[in-house]
Amino acid sequence: MYIDFHAHILPNADHGSDGIPNSLAQLENAARAGISTIVATPHYYARERSVEEFLEKREAAYNELMSNYNGDIKIIKAAEVQISLGIEKLPELPKLCIEGTNYILLEFPNEPWPYWIYDAVTEIARERRLRPICAHIDRYSHIGRDKILNLNMDVQINASAFLDTRRRRNYYLELIGDDAVHLLGSDVHGDGNLSYKDFAYAVKKIGGPLMAEMTNNAKKILAKSENK
Ligand SMILES: [Fe+2]
């Protein structure tokens with residue numbers, strides 16, 4: 001069984017799902033792909049709302065989903081936090097971590113990146129004592145990717161990356177083998193039909209041993225959350 005480490009499945013928490021029928025379809029497709037745990041990561045944009053407002057909305061979405069879902073997939077509350085100017089100073093930042101852990105999924109904005117972005121990530125790790133995880137490393141240019149890999153943070157890759165050319169796929173597999181990329185996510189938006197087919201395809205391409213490592217990485221991070 002697999003862990004989807006990046007997913008927009010909470011109804012109306014962001015643009016990932018427009019309601020319960022959509023979220024239930026996502027969960028059905030996820031189950032078909034062999035997923036047993038989903039880290040639910042609605043977008044957090046500091047310019048749009050306060051952390052309190054975000055958490056309230058997320059809680060309502062989670063509760064609504066839980067009262068309509070009878071399946072076996074475990075859902076863990078988290079956020080996909082876009083790095084914006086001053087985010088590293090946000091007092092409520094720890095509340096955006098994956099529930100029960102000090103790991104926080106960070107989305108880099110569109111490139112080119114401003115000079116302060118690396119300092120912000122470093123401060124989140126060193127001063128705020130949180131564990132940043134880079135969302136969808138495959139989304140960034142080779143320049144951005146190299147800089148992120150040098151920041152020595154945990155790194156998540158989207159399943160759709162493995163639909164790319166064989167050369168690119170081999171490069172990603174190498175990164176996983178080198179323990180530079182650690183976690184697999186669907187980044188599902190919409191009904192999940194395609195996203196979870198991509199997830200199943202990625203699992204096949206990554207192969208047993210590396211996939212076991214990725215699942216293990218995810219389990220280690222979520223261990224605290226599971227005990228909550
Ligand atoms: Fe996302």
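Strand β7 (residues 131–134) and strand β8 (residues 154–158) run parallel and are joined by two bridges. One spot in this pairing can be picked out by name: Cys134 has Val155 of β8 as its bridge partner. Like everything that follows, this comes from a predicted model.

The two strands belong to an open sheet of six strands, laid out in the order β3-β5-β6-β7-β8-β9 with parallel pairing. At the edges stand β3 (43–44) and β9 (183–185); each has a single partner strand, so one side of each is left without a neighbour in the sheet.

There is also an open sheet of three strands, again with parallel pairing, in the order β1-β2-β4. Four bridges hold up the parallel pairing of strand β2 (residues 35–40) with β4, and Ala40 has Lys77 of β4 as its bridge partner.

Leaving out residues up to four places away in sequence, Lys77 touches Ala40, Arg58, Tyr62 and Glu99. Ile38 is 39 residues away from Lys77 along the chain, yet their C-alpha atoms are separated by 8.8 Å.Ala40 turns up again in the largest nonpolar core, which has 63 residues; Ala40, Ile104, Leu106 and Ile133 are those with the most contacts inside it. Helix α6 (residues 193–206) gives the most to this core, with five residues. As for Ile104, once its neighbours within four places in sequence are set aside, its contacts are Val81, Leu96, Cys97, Ile124, Leu130, Arg131, Pro132 and Ile133.

Ile124 leads on to helix α3 (residues 116–126), whose buried residues are Ile117, Val121 and Ile124. These cover an arc of only 60 degrees around the axis, so they lie on the same side of α3. The spacing makes sense, because an α-helix has 3.6 residues a turn and residues three or four places apart point the same way. The buried residues of α3 pack against β6 (103–107) and β7, while Asp119 and Arg126 are exposed on the other side of the helix.

Stepping back to the whole chain, there are seven helices and nine strands. The radius of gyration is 17 Å, close to the 17 Å that the globule rule gives for 228 residues, so the chain is as compact as a globular protein of that length. The C-alpha trace spans about 45 × 45 × 30 Å along its principal axes, and 41% of the 228 residues count as buried. Among contacts with a separation of 6 or more, 74% come from residues 24 or more positions apart.

Methods. Residues are numbered from 1 along each chain as its sequence is written. This is a predicted model: local features need pLDDT of at least 70, side-chain atom pairs count only at pLDDT 80 or more; totals for chains, interfaces and linings use all residues. A nonpolar core is a set of buried Ala, Val, Leu, Ile, Met, Phe, Trp, Tyr and Cys residues joined through C-beta atoms within 7 Å. A residue is buried if 20 or more other C-beta atoms lie within 10 Å of its own, exposed if 12 or fewer, and partly exposed in between; C-beta atoms are placed from the backbone. Two residues are in contact if their C-beta atoms, placed from the backbone, lie within 7 Å. The radius of gyration is taken over C-alpha atoms; the globule rule is 2.2 Å times the number of residues to the power 0.38. Two strands pair if DSSP finds at least two bridges between them. The arc is that of the directions from the helix axis to the C-beta atoms.
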